[in-house]
Amino acid sequence: MKHALRKMVCALVLATVSLGGGGVAAQESPSPQTKIGEEGFESPPATLEEMDWLIGQWSGVGIGGAPAMESWLPPMGGIMVGTFVQETADGEIMFTEHLYAMEEAGTVVLRLKHFNADLTGWEEKDDMLTFRLVAMEPCAAYFNALTLRCADADKPGEGLVAAVRMQSGGELMFEFNRMDPN
């Protein structure tokens, strides 16, 4: 069963990102949370300073109702490093993501790699997924097929929404709360 669940999740996540891109369980979003750039789109000017609301540790409920966490460090040398951890219902690591939000050519790009619980990578050794910026708003970064935004733009730092567009056209949405720093 565990192997079948891992295969299903791997297929879901790979299908999700193939475009290039206490909360509620990760679920299909009822309304579009992500944006898709038109073919040949140019990313808008942006800096990592516009994403400072993302810094910190976040926890919520992820795939299959199991816990999920996301963490972001302050920028260092034009890069914000992030991690995502999806647990199984049994409290084991299902998979992780290592994320870089990077300043590049006057804008921000998000790159990530997936890893199994044993640290074997999903992508080839030198490959990664790249999500180009479609739009930057106060408290929201819309990358092609992936969104990171405040749950409430009037209360930055209280909640985080992450959404990814699946190859099927649907979206998977995660809602996180800030973890207590103590």
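What follows is a short tour of a few strands, a sulfur link and one arginine. Keep in mind as you look that this is a predicted model.

Let's begin with strand S4, which covers residues 79-87. How many of its residues are buried? The count is 7 of 9, so S4 is mostly covered, given that buried means under 20% relative accessible area.

Now look at who sits beside S4. On one side of the story is strand S3, made of residues 67-72, which pairs with S4 in the antiparallel sense over 5 bridges. S3 and S4 make a hairpin, with 6 residues between them.

S4 has another pairing to show you. Strand S5, residues 93-104, also runs antiparallel to S4, and here the pairing takes in 9 bridges. Gln86 is a handy landmark, as its bridge partner in S5 is Phe95. Once again you get a hairpin: 5 residues lie between S4 and S5, and Gly91 in the turn has a positive phi of about 85°.

A disulfide is a covalent bond between the sulfur atoms of two cysteines. This structure holds 1 disulfide, and the cysteines it joins are Cys139 and Cys150, with 1.8 Å from S to S. Turn the view along the S-S bond and you'll find an angle of -65°, which makes the link of Cys139 and Cys150 left-handed. What does the pair tie together? Cys139 lies in the loop between strand S7 (129-137) and strand S8 (140-143), while Cys150 belongs to strand S9 (residues 146-150), so the link connects parts that are 11 residues apart in sequence.

Are these cysteines buried or exposed? Cys139 has a relative accessibility of 8%, so it counts as buried. Cys150 is buried as well, with a relative accessible area of 4%.

Our last stop is Arg165, found in strand S10, which spans residues 159-165. Its relative accessibility is 18%, and because buried means under 20%, Arg165 counts as buried too. Which side chain does the side chain of Arg165 touch in a polar contact? The partner is the side chain of Glu171, at 3.4 Å.

How values were computed:
Residues are numbered from 1 along each chain as its sequence is written. This is a predicted model: local features need pLDDT of at least 70, side-chain atom pairs count only at pLDDT 80 or more; totals for chains, interfaces and linings use all residues. Side-chain values use heavy atoms; hydrogens and water are left out. Helices (H or I, at least four residues) and strands (E, at least two) are DSSP runs, numbered from the N terminus. Buried means under 20% relative accessible area, exposed over 50%, partly exposed in between (1.4 Å probe, protein chains only). A polar contact is a pair of N or O atoms within 3.5 Å; within protein, one must be able to donate a hydrogen and the other to accept it, and residues adjacent in sequence count only if both atoms are side-chain atoms. A disulfide is a pair of cysteine sulfur atoms within 2.5 Å. Two strands pair if DSSP finds at least two bridges between them.
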